[in-house]
Amino acid sequence: MTQQAELLVDDQEKGPESEFETPGRWRTVWRQLLKSRQAMIGLAVLAVLFLMAYIGPLISPWEFGEPDFTAFYQPPSPEHWWGTTQTGQDIFTSTMVGLQKSLIIGLLVAVVSTTVAAVVGAFAGYLLGLTDKALMWVTDLLLVLPTFVILSILAPRLDSGSWLIFVVLLSAFLWMVTAKMVRGMAISLKEREYVLAARYMGLPAWKIIFRHIIPNMSSLLIVDATINVVAAILAETSLSYFGFGIQPPDVSLGSLIAAGTRPAPTHPWTFWFAAVLLIVTVLAVNLVGDGLRDALDPRAKARRRKRRRPAPAAAAGPVRPAAGTGRVQGTSEKAAGKAP
Amino acid sequence: MTTTETGITAAADTVGADGPVLEVTDLHVTFPGEPDDVRAVRGVSYQLRKGEVLGIVGESGSGKSVTSLAVMGLLPEGAEVTGSVRLHGEELLGRSDEQLAKVRGKRIAMVFQDPLQALTPVYTVGDQIAEAVLIHSRRTKAQAWARAVELLKLVGIPNAEQRAKAFPHEFSGGMRQRVMIAMAIANDPDVIICDEPTTALDVTIQAQVLEVLKAAQRETGAAIVMITHDLGVIAGFVDRVLVMYAGRPVETGAVDDIYYRGRMPYTMGLLGSVPRLDLGERAPLVPIEGNPPSLTRLPPGCPFQPRCPLAIDACGEREPELVAVPGSDHQAACIRAGEIEANNWGVTDIYPVPEIPEDTIAQVPRADRQVVLDIEGLIKHHPLTKGVVFRRRVGTVYAVDGIDLEIREGETLGLVGESGCGKTTTLMEILELRRPARGRVVVLGRSTDRIGAGERMRVRRDLSVVFQDPMASLDPRMTAYDIIAEPLLAHNHPKDRLRSRVMELLDLVGLSAEYAGRYPQEFSGGQRQRIGIARALALEPKLVVLDEPVSALDVSIQAGIINLLEDLKARLRLSYLFVAHDLSVVRHIADRVAVMYLGKIVEQGEVDRVYGAPAHPYTQALLSAIPIPDPEKERGRSRILLSGDLPSPANPPSGCRFRTRCPKFLTLSEDERTACIDTEPPLRGIGDTDHGAACHYAEEREVV
Ligand code: SF4
Ligand code: SF4
């Protein structure tokens, strides 16, 4: 059936873009990414957020943590662009500083935890045997530990400057479920003929894992990383909300939102700016994730094309869901249960 | 009725006893889509008389299946269907689903390729057939059940009373297809539409199922529409043929007219591209260049024009109509049909036949050539385990149970057998280059039980593989360039010559260098297989293992790949281990052949000897089961039908493994049988040749 559909994809369609060249993998991906409008919007928004976060405090007339004793709970005004808090701190400045932390924590945690998940899962699934047993034992152990409790015990003991350790801690508790999924996929990918082909040409296992196994799970991994950004920011937020996350005087969007919730009904500016920025960040990350997934997956292109012009076979037969959609769902469900 | 039809049936308008049972006129099916609609079927017309068998042939995407789904009213919503479908003069198109449901099953029945999809897994097959009986007739439950059992007997299910209580998944593929046929004939339908009913089955099972279909037809007098891509099945089974291409009928007529007096270049090419089981001499196959057109943006002219060797400018102006060949009901849609007729052109006259270079190694006597692969007493047993939590061993699967093979330089050994015979396991065992459980695998003089890692790497250079499914064997995330470069990189090919080598390989397999940057899914099936071959040849191997390399491809594409393999073999002095279930392809390409059954080799020898005079009863049955795309020969052949299915390799019969199905065993006396039951027959030479058969009572016999 698929073959039937593919025969319909005629040659002219690809046009002159595929001229005599052999671009490397990453260049192709990058070019695909540039073509994706949503990814570009997402990247642009993220860039703006970063710029704001780092330049904002510099251009603001107020220093971070500098109280204005003439203005408590002031609504936005020319002096205090986003208003002030109960202690007369400038909300714009502290939100920008908080945004810095949240962005860094979110992205770092996502990259670290997804990488760990991919490597651990792929090695366990591909090599099986003793490696698998050992890796899965560690995974299961971490999985049963009550994450939230541990984090809330450890976090207050950290020094205020050691948010990096906080990143490590958060990542350490986010990768296990994905690793298990990756392991399952690796076991099935291992049987694929292209993996067999690589094995029979003499490629060592680690090369096969990095060249064939992990790239072919990139949809899952990208989605997972996207969700992890969100999960990390939210986890940090909720921990901070309960006072266990980023410790004062450091701030993050989470601690700002936490501080702003009580006065929010009467002084909404204390809450809304941080909350909106959080939402914008999450959305932008999602956009980039979607675009990246399509760019990494050459099949996504063909899929989109096919969706536009359904082949007779595809339309006549029982319609199989496009590869990937099922996984995406699985991942988001998982993430919902996983955020500490 | 369209104007093009008037030649055939002037009297068909009267709906009498001798009128057509099913009449399809100018059927069009369009699947609306963005930006263009898919015009899957464009003007199909045919008539089916009582008891007649019509074959619809075409490659994938030709619209042959969509046509019959439209007739059954089984197309998904959104498909636009126009034209007319009349059953006994009654219009079916435009009826509601409810009304159609009454017709479906009662007067038209359908047999699908995959019966597992058509049978409900949670009911017993007896219940399902009984239900089909009950819906359309007034009977009691007990009567319906009795009828179900009777039908199962009719289609040759042993122990019908008990088996009726079994669930679909408890049946093998062939048995399930029988159940489907039983269900189809449950209500004495007037028309049975069979959509590739035997494509998923092994040849011996296919022969059984076709026999059952014939019996079912005799029983019910139903007309049959047989949809298939297999020109051999069509040759022996049908009265008339309709050839479809790009959603349109391009030629139709009596089966002999189509096979012997083709008037449309596509049909002729299709027939010329099939390897023949019955032809000994090695003529290259006729490949049809290019791929079928996209059904969304068809050019205005003849859809076959881009691939047609006879195309002239006039072909591009207008799509040719079906025009009758004078003096018969044979019609062809080609503006040059008259010329083909007048000059009496055959397929080799109109298609350029590729030149396969002379194989120089063939002149060296076999015994003087180097042994490339030597397998002795190879054994592979898998443990059979049960339970998920506590795995325990409950038995052993004797997947490969002591086989010997030898391939010499420049030679192609065909390893054939039906699914489950152990040929894939053998292959994997060779490719793993591990020390086998028992036996020896020696590749180019290096035995796998005694080589270290470095040596193994060197063996891997000389041994490569091409897989069956060209989609699954290419990493979808890598470009053609990266795929072909991979083995080179793995074996430290100098980086500065990497690019030139990849381009050279692309050229070698007939792909243009500009394709290097594309991903596998942007290629057609045949092109993908060429990439797979290029990758296999990258390191200049001596031995290439080909695992069913053409079975996933359409016939016209298949021919091109087979020619390519033969050409490469002659030019690069390769040796092939060609694993296949299609014996026609093996006859075409192999020098020697080994037939496997249940983990053992039952017959081995020169291709022409084994095919010309097979000595083992299994080989004889296998060869006789394969339909030949030649209607006259097909009619003159008798099949040796095997009873039952392949026994489980976990529990093979004692003595000769084939004895449970052996037709010869049945003819033996009680005394003679003891040998079959007690002693396992070794592979013994016949005469003084190296043609050997593993049967106590081997006897050469011509079956093709
Ligand atoms: S009409 Fe022309 S292009 Fe079409 S089959 Fe005939 S000769 Fe070939
Ligand atoms: S040994 Fe006996 S059972 Fe086996 S194939 Fe020969 S005749 Fe048949």
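Residues are numbered from 1 along each chain as its sequence is written, while chains are lettered from A and ligands numbered from 1 in the order in which they are written. Because the model is predicted, local features need pLDDT of at least 70 and side-chain atom pairs count only at pLDDT 80 or more, whereas totals for chains, interfaces and linings use all residues, and side-chain values use heavy atoms, with hydrogens and water left out.

**View 1. Helix 4 of chain A packs with helix 10 of chain A.** Helix 4 (residues 91-127) and helix 10 (residues 205-213), both of chain A, have axes 10 Å apart at an angle of about 120 degrees; helices here are DSSP runs (H or I, at least four residues) numbered from the N terminus, and axes are lines fitted to C-alpha atoms over the stretch in contact, with angles from 0 to 180 degrees between N-to-C directions. The two helices are therefore oblique to each other, a class that holds the angles left over when those under 35 degrees count as roughly parallel, over 145 as roughly antiparallel and 65 to 115 as roughly perpendicular. Their crossing is right-handed, meaning that the near helix is turned clockwise from the far one by less than a right angle, anticlockwise being left-handed. In this contact (heavy atoms within 4.5 Å), residues of helix 4 including Phe123(A) and Tyr126(A) meet residues of helix 10 including Trp206(A) and Phe210(A). The contact residues divide into eleven nonpolar, no polar and no charged, where Ala, Val, Leu, Ile, Met, Phe, Trp, Tyr, Cys and Pro count as nonpolar, Asp, Glu, Lys and Arg as charged, and the others, Gly among them, as polar.

**View 2. Helix 4 of chain A also packs with helix 8 of chain A.** Here the axes lie 7 Å apart at an angle of about 40 degrees, and the helices are therefore oblique to each other. Helix 4 of chain A passes helix 8 of chain A in a right-handed crossing. Among the residues that meet are Gly121(A) and Gly125(A) of helix 4 and Arg183(A) and Lys190(A) of helix 8; by class, the contact has ten nonpolar, three polar and two charged residues.

**View 3. Domain 2 of chain B makes contact with domain 3 of chain B.** An automatic or database assignment gives domain 2 as 245-350 and domain 3 as 613-704. Their C-alpha centres lie 39 Å apart, and the contact takes eight residues from domain 2 and eleven residues from domain 3.
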